[in-house]
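Welcome, and thank you for taking a look at this structure. Please have the sequence and the 3D view open side by side as you read the short tour below.

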Amino acid sequence: VSFDHLVDPRLWAPLFDLSDPTHAQASWRFLARGMVLTLQITAISAVASLVLGTLLALLRLTRTAAVHYPALLLIEGVRALPVLFIIFFTWAALLRVRDLPLWVPATIGLTIYTSAVAAEIIRAGIGSIEVGQLEASRALGLSYPKTMRHVILPQALRRMVPPLMGQLITLLKDTSLASIIGMAEFFRQGVILYNFWGNPLQTLLTVAAVYFLVNTTLSRLSQRLEAGHEKTQRVRVATAETTAA
Amino acid sequence: VRAVQDNLPLLLSGLRTTAELGLLALVLALVAGTLVGVLRVLPVPAVPWLGSAYVEFFRNSPLLVQMYIWFFGLPTIGVVLPPFWAAVTALGIYTSAFVAEVVRAGIQSVSRGHVEAARSLGLSYLQSMRHVILPQAFAVTIPPLGNLAIALAKNTSIASAIAVADLLYQGELINARTFATYPIFLAVMVLYLVITIPMSRGVNVLERRLVAYRR
């Protein structure tokens, strides 16, 4: 083991040498193109999964057995499979479609997996609200949709935010798997770059650091969101109290 | 279906590799994770900070990137790991960051009173850790650790990216050779479910037992 190679400035130069920035600029521009794709796939999958996940959760919550059990089977089955397997399967299944851009199977695969996880988070969030609340608002004469909208969902949503944000971070990390089916997202650009410069350790550590920065920024944001939420909630309670008084 | 029948030995050897990967990585994750988890609550300056740096770094970058660092990055400083062991290390260290979080939360769930009581009864910090805190923390950590083991079992599939001949890798190879996409992937799917579904059932049972035990 020798760490000379790790700290060799010539191997860091293609990324960080500012005295002659042409190489570094080219490297980072190349990586940035990958990051744009990574963020695009993440965003599309996140939105699609939220919609599909909500739908699946509602299907699972219905009492009709013919709807409930298929939804349950789908959610539990998909959650029990590796994401990479799902991405590969989607890719292989869509291979016969001509001229399909690679981001399509990647995004569909990620969305299938993430919607199942999101469905479970959403179902758990709704289920965590005591039955008593549902019964009380129904007894007070609110219809079922109104109970959902005004009593159950506002509380449940707040409980879902932290796990959903966690899943968003997982999703962003999982987009790196799209590189395995050949997509030129951030990680793959990194691999191409280190093969060009011949500095795998340095480039990979930089790539990991960028993922780290993006993800920690996301989790900071989610904490802010939660804190902000609580504050507005408290304000609302306070105003309710003063108006009541 | 012929394609599945003919290649069943290959698929089963892939399943075996997947299981070996998962078990070895789990042992590494539990050992390293418990150590780091304990480091994070030690009342010594700088040590908890190091622990959380470890956790944050390994949790917030993709496993695939880490696997490449172990397999393609480390040889440049003279550490050459064969693919299987690079995958075990990557999976184990990645999962250990999550284990550390669970262990830390478990330790902090033991009420302060117990710690103070143990210390005032004359137990040293390490003794109170060993005899009072960790045994109680252990019970709380079992269900989340079970979930991590399931996630680990699924993550073993990423080892196929560095050509470890696991279940997914074998499936891909057979698919590339036979083009019997649906039967092959269905077989691979069933084999994954055979591992993960009993595990999640097990976690559910443990969770219910734990609730009963607390009462």
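## A proline to start from

B:P144 is partly exposed, because its relative accessible area is 30%. Please keep in mind that you are looking at a predicted model. To find B:P144, go to helix 7 of chain B, which covers residues 125–155.

## A buried threonine

Next, turn to helix 2 of chain B, where you will find B:T18. Is B:T18 buried or exposed? With a relative accessibility of 3%, B:T18 counts as buried, because the cut-off for that word is under 20%.

Which residues does B:T18 touch, once those up to four places away in sequence are set aside? The answer is B:T156, B:D166, B:L167, B:Y192 and B:I195.

## Two loop residues with positive phi

Two residues of chain B deserve a look at their backbone angles. B:A46 has a phi near 75°, which is a positive value in a residue other than glycine. B:A46 sits in the loop that runs between helix 2 (8–39) and helix 3 (47–60) of chain B. Its relative accessibility is 54%, so B:A46 counts as exposed.

B:F179 also has a positive phi, about 60°, although it is not a glycine. You can find B:F179 in the loop between helix 8 (167–178) and helix 9 (181–214) of chain B. With 56% relative accessibility, B:F179 counts as exposed.

## Salt bridges within chain B

How many salt bridges does a search of the whole structure find over all chains? The search finds eleven. One salt bridge joins the side chains of B:R16 and B:E20, at 3.1 Å from N to O. Both residues belong to helix 2 of chain B and are four residues apart, about one turn of the helix. B:R16 is exposed, with a relative accessible area of 58%, while B:E20 counts as partly exposed at 33% relative accessibility.

In another salt bridge, the side chains of B:R59 and B:E56 meet at 3.4 Å, again N to O. These two residues are three apart in helix 3 of chain B, so about one helical turn separates B:R59 from B:E56. B:R59 counts as partly exposed at 23% relative accessibility, and B:E56 is partly exposed with a relative accessible area of 24%.

## A network in chain A

Salt bridges with shared partners also join A:R60, A:E76, A:R79, A:E120 and A:R123 into one network. Within that group, A:E76 forms a salt bridge with A:R60, and their closest N and O atoms are 3.3 Å apart.

Let us move on to open space. Rolling a probe the size of a water molecule over the atoms shows where empty space is left. The second largest pocket has a volume of about 480 Å³. It is lined by 14 residues, and the closest to its centre are A:L61, A:R63, A:L134, A:Y144 and A:M148. Helix 3 (21–61), helix 6 (103–127), helix 7 (131–139) and helix 8 (144–174) of chain A are the elements that each give two or more residues to the lining of this pocket.

What kinds of residue make up that lining? Nine are nonpolar, two are polar and three are charged.

## Where the chains meet

The last stop is the contact between the two chains. The size of an interface is often given as the accessible area lost when the parts come together. Here chain A and chain B bury about 3,100 Å² between them, with 76% of it on carbon and sulfur atoms. In terms of residues, 37 from chain A are in contact with 36 from chain B.

How many salt bridges are there between chain A and chain B? The count is zero.

Methods: Residues numbered from 1 in each chain as written. Chains lettered and ligands numbered in written order. Predicted model: local features only at pLDDT ≥ 70, side-chain atom pairs only at ≥ 80, totals over all residues. Heavy atoms only, no water. Buried < 20%, exposed > 50% of the residue type's maximum accessible area, 1.4 Å probe, protein only. 1 Å grid on protein atoms, 1.4 Å probe; cavity = no way out; pocket = protein on both sides within 12 Å on 5 of 7 lines; lining within 4 Å. Points joined across faces, edges and corners; volume = space filled by probe spheres on them. Nonpolar A, V, L, I, M, F, W, Y, C, P; charged D, E, K, R; others polar. Contact = heavy atoms within 4.5 Å. Buried area = accessible area lost by both parts, 1.4 Å probe. Salt bridge = Lys/Arg side-chain N within 4 Å of Asp/Glu carboxyl O.
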